Amino acid sequence: MEMKIKKRPYIIPEYSITGDILSYHSCGLQYRLQNKGELPPARPVQLWFGQFIHGSLEEAYLRWKKNPNYRVLPLDWASRIRDIEMTVYKRLAAGGVRPPPNIFCPYDEPNEKLGGCPDENHPHKLIASKRVERTLEVWAPHLFPLISEAEVKLKGTRPMPNYSESISRSRHYGITGIVDVLASVKVASAGPDNLILKKIREEKFGEELLQEAAQNEFDIIIDYKGMARPKPSDAEWNHHYDQVMTYAWLREKQLESNRVRVAIIFYLNELVPSESDLKKLQRLVLSQQGNSTDDLKLNSQDLASLKAWNGATHSLQLSPESMINRSIRIIQVNKQNIDQSLRSMDGAVSEIENSVIDEMRGKKILETWKMLPRDETCTICDFKTFCPKSSDKRPPRITE
Ligand code: SF4
Ligand SMILES: [Zn+2]
């Protein structure tokens, strides 16, 4: 009797755009150790804040939709926002994702342990809470009425780049992401004071796009980042661009979805910058001598204040106008831009797949994964104590 050989299950590697691709771009070795190793990172600072701000905005949106108490914006922090924050904090903590001390007060009642708080008068509005509050104050009244679908899960497959029958793990790879979607009809009918509408109109392509919005339905996708606005010369700036273009591609493949014409990224730390954010911005302003400062989105008064600032903590306050302008990035989406970004996405997947295969064939981790030492990532990296590229072997330092 002929025995049938059971085929191996067909499993395709699945990549999350934020969890895998962006983490890999930040540093390949750190990505490998965090995501494919046994140990979760002890203090995933950006991971926590990114998820916290996303979660808080989604929770606020759901309550805004269903609960009349949350419809009057802006929301009061103590009686409304704090409850949203604690809901999200507990949800993340249940999944093992906890905040570092000094950025969030996790206590509901007075007289709990002091933790990273300055005294026992909990709850404290620490920097993570200040950013959530300011985001809800500035953006929620303009954004929430335009949302047509929240937390849309996107999923698609692409051919495995450089596929080889004998080497590759699979013929395809999966790619996933989550976005909020705005409807063009809602944008077109928003009042003239809607800030999102105003910001779209300020773009070169804005006026024409808004005219089109009144006739042809299209989608606008939104992503929130719990971080400062990168410099346009940073690789990260381009990676975020590729990320939203890939989201647009995934969205357009969904049944009954419209074309995506615009993507909006919010860099929410800009609304409440930390001292180190301001120092970085000052260095950037000083390094621009003679070059255009248009892409910094700072008004002339703030440019002058940053140039003159001596670095003392509380003496510099940027204008709300500059902070708001720096917190939003509007990107035009078209087929050509999408194709170009998909090629970059394929390139990153190809690099990761090659490293995985090398490792499966017995190469050592440190010889396989590319390392990208940079101050911002290495300072808070949990693996710096043994990473050959890190010159600072002290335990990770927490930053805001
Ligand atoms: S210390 Fe720096 S180079 Fe080394 S793994 Fe961490 S982030 Fe990468
Ligand atoms: Zn506290």
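Predicted model: local features only at pLDDT ≥ 70, side-chain atom pairs only at ≥ 80, totals over all residues.

I count a residue as buried if 20 or more other C-beta atoms lie within 10 Å of its own. By that cut-off, the buried residues in helix 5 are Ala128, Ser129, Arg131, Val132, Glu133, Thr135, Leu136 and Val138. Arg131 and Glu133 are charged by class, and both are on that buried list.

**Cis peptides.** Which residue pairs with Pro123 in a cis peptide bond? His122 does, with omega at about 0°. I found Pro123 in the loop between helix 4 and helix 5. Another cis peptide bond joins Leu73 and Pro74, with omega at about -5°. Pro74 belongs to the loop between helix 3 (45-66) and helix 4 (77-94).

**Ligand 1.** I went to the ligand next and found 14 residues around ligand 1. The closest are Cys27, Cys378, Cys381, Cys387 and Ser390. Helix 2 (28-35) and helix 16 (375-379) are the elements that give two or more residues to this shell. Sorted by class, the shell has 9 nonpolar, 3 polar and 2 charged residues. I kept in mind that Cys counts as nonpolar in this sorting.

**Helix 1 against helix 2.** The angle is about 135° and the axes are 6 Å apart. Angles over 145 degrees would count as roughly antiparallel, so I put helix 1 and helix 2 down as oblique to each other. On the helix 1 side I noted Gly19, Asp20, Ser23, Tyr24 and Ser26, which meet Gly28, Gln30, Tyr31, Gln34 and Asn35 of helix 2. The residues of this contact divide into 2 nonpolar, 7 polar and 1 charged.

**Helix 8 against helix 9.** Helix 8 brings Ile200, Arg201 and Glu202 to the contact, and helix 9 brings Gly206, Glu207, Leu209 and Leu210. By class I have 3 nonpolar, 1 polar and 3 charged residues in this contact.

**Lys204.** What sits between helix 8 (195-202) and helix 9 (206-215)? A loop, and Lys204 is found in it. I wrote Lys204 down as exposed, because it has 8 C-beta neighbours inside 10 Å. I then looked across to Gln332: Lys204 and Gln332 are 128 residues apart in sequence, yet 9.7 Å apart in space, C-alpha to C-alpha.

**Positive phi.** Asn162 is not a glycine, but its phi is positive at about 50°. I located Asn162 in the loop between strand 2 (147-159) and strand 3 (172-183). Asn162 is partly exposed, since 13 other C-beta atoms lie within 10 Å. Glu256, not a glycine either, has a positive phi of about 60°. I placed Glu256 in the loop between helix 10 (235-253) and strand 5 (260-267). Is Glu256 buried or exposed? Exposed, because it has 4 other C-beta atoms within 10 Å.

How values were computed: Residues numbered from 1 in each chain as written. Chains lettered and ligands numbered in written order. Near = placed C-beta within 6 Å. Helix = DSSP H or I, 4+ residues; strand = E, 2+ residues; numbered from the N terminus. Buried ≥ 20, exposed ≤ 12 C-beta atoms within 10 Å, placed from the backbone. Axes fitted to C-alpha atoms, helices over the stretch in contact; angles between N-to-C directions. Parallel < 35°, antiparallel > 145°, perpendicular 65-115°, else oblique. Contact = placed C-beta atoms within 7 Å.
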